[in-house]
Amino acid sequence: MDPLGARSQFVDIETLLTWQQQLDEGLPQDSTDSPNSPHVFPSPFPFRPDINQKIILFTGDVPLLNCTAIVNTSNEALNDKNPVSDSIHQLAGPELKEDLLKLKVCRTGEVKLTKGFNLAARFIIHTVGPKYKAKYRTAAESSLYSCYRNIMQLAIEQSMVSVGLCVVSTTKRGYPLEDATHIAFRTVRRFLENHGNSIEAVVFAVSDMEEAVYKKLLPLYYPRSVEEERACLPLIPGDVGNSEGEPVVPERQIRITEKPGSLEDESEEESLESDLGQIGSHAFARMEDDVDKQRKLILQGQMSEAAIQKQHQRNYNRWLFRARAEDLSDIAALKALYQTGVDVYGRTVMVVVGRNIPVTLIDLEKALLYFIHVMDHITVKEYVMVYFHTLTGEHNHLDSEFLKSLYHIVDIKFKKNLKAFYFVHPTFRSKFSTWLFTTFSVSGIKEKVRYLDSLQQLFTCVRPEQIDIPPFVVEYDMRMNGSYCSSQSSGL
């Protein structure tokens, strides 16, 4: 290919900035509120026009960008075959391959620098994303963070004005795109907040398949108005990393305490238990007595309420540790539990689809682990649940013993911050079963249950555009209750 012919395809950075400005002009701006005005729920990523003007989302090939440097994602030997790398090599010319042979190796999370050769970009920053396995998710998160952090750090060290970022987490390496996008956005955001004065533009270059995810998540980390900041706040994950965007692993946070075995002082005991509860599930780490002995004391009424709560928290932490370590992709594929938008009060909405729970075919213990894994960060704030009982059969009904176990295992925040449980399309039998369960088996839930016979009733609590409804639920509701006015026909 003629390098000059290739160069004529390059997109100039000023053109991209113009496109982004035109896109932003179509958004409603909250002119009455200042970015520094107090919020009811302060966002970890507040509206920052100075940062927003540096961020560009570009749908196209990263080697076409006329930035100071573009990013190439590769493997440890720097010879990976993937669409991004292939496109960069094709346009940069054969000199790039020769330069990479001299570098020999690049470890996961590290970066290497070469010239841009025939590209419009002066430099190419090469990095290696992690191979993703659910069992080692925390390690993968830390490695992916290192990729983006080291890219930005190198840009500063080399006095680069603009950087074109590809999607580092390639399909070949198996990293879930949405999870990876959260890490990319928050890492770049934190870097620009703390060290990015000299950088004028950061371009996220994505393919057509990646564009939808990036557009969906971009406002969470770079809200374009105070109004958008508030609207996106409930959708921000509970874990947003530390002040640099780096993932925080509670199990690695160890506190050294004087005389840790002395628990005579109640306040000292609470502090110690809180700290040790985060270290791990090993009995030595928790410094606890025999578990069976403690259970016996609970049954005999010889343990205080505080001690019972501490024992419960330890138990929950063990389940949470397992939930974060196990591969739960088979349960996730059922799409029986997922997060959607917010209700009319701005509270996160979680959806449960009864018909998608094949009780007789799945491992119920894994299902419990998946519930804990998904809900743990949601329940730190107020939330509501919408349960679609539509067209559920006998094989979809969860056993009351399972529900009772779930109720007694989950953290107190699950129960405290649950503000409403909307039961859509209930049957007489399901109402009676729920009444029995909430009256005699669990406490504090009965008054939160609301039975809704139609989607129209649901939409008085959660607007149609804020909830993803399975198509079969919509079809059933239209047959039973007639059509309704909605801006969304929705579906999974």
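## Cores and helix packing in a predicted model

Strand S10 (348-353), strand S11 (383-388) and helix H19 (455-458) are among the elements that cover the buried residues of helix H20, where contact means heavy atoms within 4.5 Å. Helices (H or I, at least four residues) and strands (E, at least two) are DSSP runs, numbered from the N terminus. This is a predicted model, in which local features need pLDDT of at least 70 and side-chain atom pairs count only at pLDDT 80 or more, while totals for chains, interfaces and linings use all residues. Residues are numbered from 1 along each chain as its sequence is written, and side-chain values use heavy atoms, with hydrogens and water left out.

The buried residues of H20 (residues 471-481) are Phe472, Val473, Val474, Tyr476 and Asp477. Buried means under 20% relative accessible area, exposed over 50%, and partly exposed in between (1.4 Å probe, protein chains only). Just after H20, glycine 482 has a positive phi of about 85 degrees.

Of the 492 residues of the protein, 48% count as buried. The protein has 20 helices and 13 strands.

A nonpolar core is a set of buried Ala, Val, Leu, Ile, Met, Phe, Trp, Tyr and Cys residues joined through side-chain atoms within 4.5 Å. The table lists two such cores.

| Core | Residues in core | Residues including |
|---|---|---|
| Largest nonpolar core | 69 residues | Leu165, Val188, Val202, Phe204, Tyr222 |
| Another core, apart from it | 34 residues | Ala323, Val359, Tyr383, Phe414 |

Tyr222 is in contact with Ile51, Asn52, Ile55, Phe185, Val188, Arg189, Phe204 and Glu228, leaving aside neighbours within four places in sequence.

Helix H7 (residues 177-195) packs against helix H8 (residues 208-221) at an angle of about 40 degrees, with the axes 10 Å apart. Axes are lines fitted to C-alpha atoms, for helices over the stretch in contact, and angles run from 0 to 180 degrees between N-to-C directions. H7 and H8 are therefore oblique to each other; angles under 35 degrees count as roughly parallel, over 145 as roughly antiparallel, 65 to 115 as roughly perpendicular and the rest as oblique. Residues of H7 including Leu177, Phe185 and Arg189 meet residues of H8, among them Val213, Leu217 and Tyr221.

Asparagine 417 lies in helix H17 (residues 412-417). Asparagine 417 counts as buried because its relative accessibility is 12%. Not counting residues up to four places away in sequence, asparagine 417 touches Thr379, Val380, Lys381, Glu382 and Tyr383.
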